[in-house]
Amino acid sequence: MEKIRRASHAGSWYTDNPNKLSEELDGWIRAAGLPKSSDVRGVIAPHAGYSYSGRAAAYAFGNIDPTNITRVFLLGPSHHYYTPKCALSTATVYKTPLGDLPIDLEVIEELKATGKFELMNLRVDEAEHSMEMHLPYLSKVFEGHPVKIIPILVGALSAENEAMYGKLLAKYVDDPHNFFSVSSDFCHWGSRFNYMYYDKKYGAIHKSIEALDKMGMDIIETGDADAFKQYLSEYDNTICGRHPISVFLHMLSNSSTKIKIKFLRYEQSSQCKSTRDSSVSYASAAAKVDA
């Protein structure tokens, strides 16, 4: 029986007008001007409202060559629902204004059978925006190419569980028909986020934020999940997709395909100059087969 997850953030976080949305995404992908490569097997991309991070996200999704891809695994953090595990969607289809994306029920059953995942109900699924914000881009990029999705909500995982899920999902990296869309924003800075780390040696606050984010991005590019963990415990940078990113790093280090992450774009929602300001950072990366 069909069980539909509505595009619950369409009309607020991004336009629900299909023509306008299609035009907007085309424009951003064109502006990024990136060559499509079949070596790109995954992305890390932001999940804010499109007026904030839509342009930055194009630098991730604009790399994708859809020709050989038949499945997209989505790894998104949980903003409202607490779980120490990863949770699978119970829907059979995700709606987007640009068309529907069917869920790969076969893979969902395979993952369920491991006994390591919980299930999220439709209410939790529709309340979460981290994966939904990737869907219009995926619909756009995979237009005319039938693709199924596997949405995985990544909870507040311990380091042991990040490694466990990474090992468990690594085999899917070795299948070149699989693609991975990892959802994360970077630093949330300001009193409203309870995070105001500032290293004066960089001058303006926004420069300090950028240096902090870039330090994290550089570590992610090394592929070292333990170093990333160390960085997070030292600076506590408010990277909301820290757990999906960590799981992805463990997946890559446990797979036999050598894949390297490279960041291609970094932006901030605004430039913080005083402690009254606040901002969110957006970074986009492509994970590419390293020949």
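## Helix 6 against helix 9

Helix 6 passes helix 9 in a right-handed crossing, and this description, like every other one in this report, belongs to a predicted model. Two packed helices are described by the angle between their axes and the distance between the axes. For helix 6 (residues 159–173) and helix 9 (residues 242–254), the axes come within 7 Å and cross at roughly 55°. Because of that angle, helix 6 counts as oblique to helix 9.

The side of helix 6 that takes part in this contact includes Glu 162, Ala 163, Tyr 165 and Gly 166, together with Lys 167, Leu 169, Ala 170 and Val 173. From helix 9 they are met by Arg 242, His 243, Ser 246 and Val 247, and also by His 250, Met 251, Leu 252 and Asn 254. Sorted by class, the residues of the contact of helix 6 with helix 9 are eight nonpolar, five polar and three charged.

## Helix 1 against helix 2

A second pair is formed by helix 1 (residues 18–32) and helix 2 (residues 50–61), which pack at an angle of about 50° with their axes 7 Å apart. It is because of this angle that helix 1 is called oblique to helix 2, and the crossing of the two helices is right-handed.

Helix 1 contributes Leu 21, Leu 25, Trp 28, Ile 29, Ala 31 and Ala 32 to the contact, while helix 2 contributes Tyr 50, Gly 54, Arg 55, Ala 58 and Tyr 59. By class, the contact of helix 1 with helix 2 holds nine nonpolar residues, one polar residue and one charged residue.

## The nonpolar core

In soluble globular proteins, nonpolar side chains tend to be buried together. In this model the largest nonpolar core has 88 residues, and the members that touch the most other members are Phe 61, Ile 152 and Ile 261.

Which residues does Ile 152 touch, not counting residues up to four places away in sequence? Among them are Phe 73, Leu 74, Leu 75 and Gly 76, then Cys 86, Ala 87 and Leu 88, and also Leu 111, Phe 117, Met 131 and Leu 169. Leu 169 is also one of the residues of helix 6 that meet helix 9.

When residues up to four places away in sequence are left out, Ser 183 touches Ala 45, His 47, Leu 75, Gly 76, Pro 77, Ser 130, His 134, Gly 241 and Pro 244.

Lys 36 is placed in the loop between helix 1 and strand 2 (40–45), and with a relative accessible area of 49% it is partly exposed. Although Lys 36 and Phe 61 are 25 residues apart in sequence, they are 9.2 Å apart in space, C-alpha to C-alpha. With residues up to four places away in sequence again not counted, Lys 36 touches Gly 62, Asn 63, Ile 64 and Asp 65.

## Two residues with positive phi

Most residues other than glycine have a negative phi. Asn 194 is not a glycine, yet has a positive phi of about 55°; Asn 194 is found in the loop between strand 10 (188–189) and helix 7 (205–222), and at 72% relative accessibility it counts as exposed.

Asp 236, which is not a glycine either, has a positive phi of about 55°. Asp 236 lies in the loop between helix 8 (225–235) and helix 9, and because its relative accessibility is 45%, Asp 236 counts as partly exposed.

How values were computed
Residues numbered from 1 in each chain as written. Predicted model: local features only at pLDDT ≥ 70, side-chain atom pairs only at ≥ 80, totals over all residues. Heavy atoms only, no water. Axes fitted to C-alpha atoms, helices over the stretch in contact; angles between N-to-C directions. Helix = DSSP H or I, 4+ residues; strand = E, 2+ residues; numbered from the N terminus. Parallel < 35°, antiparallel > 145°, perpendicular 65-115°, else oblique. Left-handed = near helix turned anticlockwise from the far one by under 90°. Contact = heavy atoms within 4.5 Å. Nonpolar A, V, L, I, M, F, W, Y, C, P; charged D, E, K, R; others polar. Core = buried A, V, L, I, M, F, W, Y, C linked by side-chain atoms within 4.5 Å. Buried < 20%, exposed > 50% of the residue type's maximum accessible area, 1.4 Å probe, protein only.
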